[in-house]
Amino acid sequence: MNTLLFAAGDTVAHTSNVPQLIIAALAGIATIVVLIVWRKMHPFLALTLGSVVLALIAAIPLTDTFTAFTKGLGSTVGGVGVLIAFGAIIGKLLIDSGGADQIVDTVLDRTSTNALPWAMAFVAFVIGIPLFFEVGIVLLIPVVMLVARRARMPVIAVGIPALAGLSALHGLVPPHPGPLIAIDAFKANIGLTLGLGLLVAVPTVIISGPLAARLMVRWVPRQAGALLGDGQKTETEHDRPSFGVALSVVLLPVVLMLARTVVEMVMPNADGSIFYKVFEFLGEPVVALLVTVLYAMLVLGRATGRSAGQVNSIVGSSLAPIASILLIVGAGGGFKETLVESGIAEVIAQWIQNIGMPVLVAGWIVAVAVRLATGSATVATITASGIMAPMAAHLSPAGTALLVLAIGAGSVFLSHVNDAGFWLVKEYFGMTVGETFKTWSLMETILSVVGLLCVLLIAIPLGI
């Protein structure tokens, strides 16, 4: 028998029939999968329509169909949209000023041939902190091809380490959209998540990158082919920033957010002191990234000979490409909120508790399932965060941060033919579909599993 209940905040009514709620959730997710994978619909529209299907089957009244969706969209864009925008500005300034190239060239010039895979992993790891995954690929692939040809090495030997570095940062470390979405959904401490994310990412990149590449080279010993522009960098009339300046822009927001977390841990009862308040303010994610944007505009813009108008033009051009990302992230937040307010999140959380599955493993499995179905790491993170939100409410700050990382690790599992990244890597490296599965897809799988194992190793001594 169906009865009407009121969800969080008494905003929408839904059925208490558990089988109906499960069917609603499955139908909503299936709608998203079908529209994205088979109908090739934009994820923003697919997530919107999936939310409608979920709401209707969960017996939410027609007049309230979009109540939870718009609430979730607004709160998600409000929580992470500004951070994504600031990150895009920083990344664009690094690229257009030549700062990213300076970091790459400096590291590679000081590296022996045998150490090139490790150098590429390091470069991708550093570059990947402020840059979106797709931007990082476009930036690093020409470098990968050029390095492979100069060193006469198989392209996989240096390509897989670079891709591992980018992918690990994309799934595990804010300010990337996926981790930010989960942090916002769980109200996790962003500084703590950032610190633990870097801790997990380092061994994960080492194992899934340089070490795994040694085996993959035996299966796919393909040499680097020609690339448009032949990997040559276009020189401009402006000066390049130095390696130290470029690196300082990348690391500044990381240092500010981590410093806040350290101060909060070391001085838990000193919130009235000026010292504490300064670090608390500067370590706020919005403030840390805004400070970095202003710093980057100065040292990567005006200090390299660009006028104020040219710097503002770079800033403006960085915002248009992220409109689609913001809409997808916002719609994902709307779908997550619909999941939560329909009651299905509570049902699944109760089911996980009843069977005794560890919450970190459960979060990883949910993210893996959605990743395999949709091919989108962001959609996987969004959906898993909505489902696991009730479980996160009972975790410690460290436990919440680790759940963010477990879901992030699951969101990159086994990239295959429904993932645009799969085809991007295949075409750039000139590989067959089979070779792409043996390299890129396998690397993503290793990265996901190792990431989860690292999360669990940290969780064990903490009793999570």
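Author: Let's begin with burial: a residue is called buried under 20% relative accessible area, exposed over 50% and partly exposed in between, using a 1.4 Å probe and protein chains only. The model is a predicted one, in which local features need pLDDT of at least 70 and side-chain atom pairs count only at pLDDT 80 or more, while totals for chains, interfaces and linings use all residues. Residues are numbered from 1 along each chain as its sequence is written, and side-chain values use heavy atoms, with hydrogens and water left out.

Now to your salt bridges. The term stands for a side-chain nitrogen of Lys or Arg within 4 Å of a carboxyl oxygen of Asp or Glu, and by that rule there are six. Among them is the pair E444 and R371, whose side chains meet with N to O at 3.2 Å. This pair links distant parts of the chain, with E444 in helix α20 (residues 433-462) and R371 in helix α16 (residues 359-374), 73 residues apart. Helices here are DSSP runs of H or I with at least four residues, numbered from the N terminus. E444 counts as buried because its relative accessibility is 2%, and R371, at 3%, is buried as well.

Another of the bridges joins D105 and R240, at 3.0 Å from N to O. D105 sits in helix α4 (residues 99-109) and R240 in the loop between α9 and α10, so the bridge ties together parts that are 135 residues apart in sequence. With a relative accessible area of 33%, R240 is partly exposed.

R260 also forms a salt bridge, its partner being E284, and their closest N and O atoms are 2.5 Å apart. Here R260 belongs to helix α10 and E284 to the loop between α11 and α12 (285-301), 24 residues away. R260 is buried, at 17% relative accessibility, whereas E284 is partly exposed, at 35%.

Two packed helices are described by the angle between their axes and the distance between the axes. Helix α10 (residues 243-266) packs with helix α11 (residues 274-282) at an angle of about 140°, their axes being 8 Å apart. The axes are lines fitted to C-alpha atoms over the stretch in contact, and the angles run from 0 to 180 degrees between N-to-C directions. That makes α10 oblique to α11, since angles under 35 degrees count as roughly parallel, over 145 as roughly antiparallel, 65 to 115 as roughly perpendicular and the rest as oblique.

W118, V202, I206, I207 and L211 make a nonpolar patch of about 380 Å². Patch residues have over 30% relative accessible area and no salt bridge, and nonpolar side chains (Val, Leu, Ile, Met, Phe, Trp, Tyr) are joined within 5 Å, like charges within 9 Å. Helix α9 (residues 190-219) gives the largest share of the patch, four residues. I206 lies in that helix and is partly exposed, at 31% relative accessibility.

Finally, two contacts across the sequence. G334, in helix α14 (residues 323-342), is buried, at 0% relative accessibility. Its C-alpha is separated by 7.9 Å from that of G74, 260 residues away along the chain. P390, placed in helix α17 (residues 377-392), is buried at 12%.

Note on methods: Areas by Shrake-Rupley, 256 points an atom, 1.4 Å probe, with all protein chains shown as cover. Helix = DSSP H or I, 4+ residues; strand = E, 2+ residues; numbered from the N terminus.
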